[in-house]
Amino acid sequence: MKVFSFRLGAWLVISFLLLLSCNTSAPNTKQGESIQQPIPRPMMDHKTDSLKEYLDLERMRRKQQGKE
């Protein structure tokens, strides 16, 4: 019984030391976010541009119909 408790105690001490050494030697990779980073703009192609122009014209037409 004494041998079992001695081995258990030895494993606990070794595992505690390994855990402690891993936590202290880990590199600090945490970096703060920069708020000043520009927000990427979506890429516009000719289809998106033409759709935007169509929607703008449609809004203008509806505004004109509402005023009449």
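## Starting with an arginine

Let's begin with R61, which is partly exposed, with a relative accessible area of 39%. Keep in mind that this is a predicted model. What does R61 form a salt bridge with? The partner is E58, and the closest N and O atoms of this pair are 2.2 Å apart.

Both residues belong to helix α2, where E58 and R61 sit three residues apart, about one turn of the helix. Is E58 buried or exposed? With a relative accessibility of 17%, E58 counts as buried, because the cut-off for that label is under 20%. Across the whole protein of 68 residues, 1% count as buried.

## A linked trio

Now stay with salt bridges for a moment. Side chains of opposite charge can pair when their charged atoms come close. How many salt bridges does the structure hold? There are four, and some of them join up: K52, D56 and R59 are linked in a network.

K52 and D56 meet through their side chains, with a distance of 3.1 Å from N to O. D56 also forms a salt bridge with R59, and here the closest N and O atoms are 3.0 Å apart.

Where do these residues sit along the chain? K52 and D56 are four residues apart in helix α2, which covers residues 46–67, so about one helical turn separates them. D56 and R59 are three residues apart in helix α2, and again the separation is about one helical turn.

How open are they to the surroundings? K52 counts as partly exposed at 45% relative accessibility. D56 is partly exposed too, with a relative accessible area of 30%.

## A nonpolar patch

Which residues form a nonpolar patch on the surface? The members are V13, F16, L17 and L20, and together they have about 390 Å² of accessible area.

You'll find L20 in helix α1, which runs over residues 2–25. L20 is partly exposed, at 43% relative accessible area.

## The whole protein

Finally, zoom out. How many helices and strands does the protein have? The tally is two helices and zero strands.

Terms used: Residues numbered from 1 in each chain as written. Predicted model: local features only at pLDDT ≥ 70, side-chain atom pairs only at ≥ 80, totals over all residues. Heavy atoms only, no water. Buried < 20%, exposed > 50% of the residue type's maximum accessible area, 1.4 Å probe, protein only. Patch = residues over 30% accessible without salt bridge, like charges linked within 9 Å, V, L, I, M, F, W, Y side chains within 5 Å. Areas by Shrake-Rupley, 256 points an atom, 1.4 Å probe, with all protein chains shown as cover.
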